[in-house]
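Work through the exercises below with the sequence and the model side by side, and try each task before reading its solution.

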Amino acid sequence: MMGLLDFFRNKKANIKISESADTSERAAAIATQLEDLGYFKYAAAGNLQQLKSEIGKELVDKHFLSFVTMEESPYTPLDPRHFSLDGEDLFEQGGITNALKEMQPLFKQMNISMEITAHVEECDSSNQGLNHEITINGKAYTIFHEFVEGYGWDQAGQRFADMINDQLQLQGSDERIYLISGGNDGRAVFLTEQQFNLLDSLITDLYEKPLKVADWCALMKVERVSVM
């Protein structure tokens, strides 16, 4: 665990971890560091301790950002930042608008507008492929234009993330959406740069790291196509 200890020293963290710290102490220190960086600021007060405990423990034990849900059905996610982003669902009709709808409570907390002001999603009658354009807050984004390549699961993820990040930048947010894994295992998490840097230092598996869109495209071998 020297790498983790060095990280905290180099960043002059408020949390001091002794050489003899056990797993629970390290987990608590990481959770507190995330809290200091504002990671949990959108979480419901009643979920805070569970989130801190599970996320800290999984980062220490498995170098993994835990997808924390309710312990009983309907297993609702408890971390407002962290979303399932199944590429198959996102690519299918209505997938992107459904994802935007699911994220609206977070956008509201972030004071970010993601209003769909126009939307066209159709397969061309002359078999020229899928055309999908969505307008957010008056700005048009082309998700697919005459797309005929087959399954566009990861392409949908890239274009969705670039669209979201463009709006976050336009609205002056210091947070961005980062992609994790892909296909049916795809996830997404909203982070500030400091939160991203901390998680990036703790998670070793590239397929479990939150990644910037360009790095995610390189990993998933997806051509990055502009949505603007």
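The exercises go from the whole chain to its sheets and then to single residues.

**Conventions**

This is a predicted model, in which local features need pLDDT of at least 70 and side-chain atom pairs count only at pLDDT 80 or more, while totals for chains, interfaces and linings use all residues. Residues are numbered from 1 along each chain as its sequence is written, and side-chain values use heavy atoms, with hydrogens and water left out.

**Exercise 1. Describe the make-up of the chain and how much of the chain is buried.**

Step 1: Helices (H or I, at least four residues) and strands (E, at least two) are taken as DSSP runs numbered from the N terminus, and by this reading the chain has eight helices and six strands. Their order from the N terminus is α-α-α-β-α-α-β-β-β-α-β-β-α-α.

Step 2: Buried means under 20% relative accessible area, exposed over 50% and partly exposed in between, with a 1.4 Å probe and protein chains only. Of the chain's 228 residues, 49% count as buried.

Step 3: With contact meaning heavy atoms within 4.5 Å, take the contacts between residues at least 6 apart in sequence: 51% of them join residues at least 24 apart.

**Exercise 2. Work out the strand order of the sheet that contains β6, and find which helices pack on the sheet.**

Step 1: Two strands pair if DSSP finds at least two bridges between them. The three strands form an open sheet in the order β1-β6-β5, and their pairing is antiparallel.

Step 2: Because β1 (82-84) and β5 (175-180) stand at the edges with a single partner strand each, one side of each is left without a neighbour in the sheet. Neighbouring strands are turned by 25° against each other on average, direction ignored; axes here are lines fitted to C-alpha atoms, for helices over the stretch in contact, and angles run from 0 to 180 degrees between N-to-C directions.

Step 3: The antiparallel pairing of β5 and β6 extends over six bridges, and E175 has T192 as its bridge partner in β6. Helix α5 (residues 95-110) packs on this sheet, touching β1, β5 and β6, with its direction at about 0° to that of β6. Helix α7 (residues 193-202) also packs on the sheet, where it touches β5 and β6 and its direction makes about 120° with that of β6.

Step 4: β5 and β6 form a hairpin with six residues between them, and S181 in the turn has a positive phi of about 55°.

**Exercise 3. Determine whether R187 is buried or exposed, and list its polar contacts.**

Step 1: R187 is placed in strand β6 (residues 187-192). Six of the six residues of β6 are buried, so the strand is largely enclosed by the rest of the structure. R187, V189 and L191 point one way from β6, whereas A188, F190 and T192 point the other way.

Step 2: R187 counts as buried because its relative accessibility is 11%.

Step 3: A polar contact is a pair of N or O atoms within 3.5 Å; within protein, one must be able to donate a hydrogen and the other to accept it, and residues adjacent in sequence count only if both atoms are side-chain atoms. The side chains of R187 and H82 are joined by such a contact of 3.0 Å, and the R187 side chain also reaches the backbone oxygen of L65 at 3.5 Å.

Step 4: S84 stands opposite R187 in β6. Residues up to four places away in sequence not being counted, R187 touches several others, among them F64, F83, Y178 and E208.

**Exercise 4. Where is Q158 found, and which residues does Q158 contact?**

Step 1: Q158 is found in helix α6, and with a relative accessible area of 0% Q158 is buried.

Step 2: Its side chain makes a polar contact with the side chain of R159 at 3.5 Å. Leaving aside neighbours within four places in sequence, Q158 is in contact with V213, W216, C217, E223, R224 and V225.
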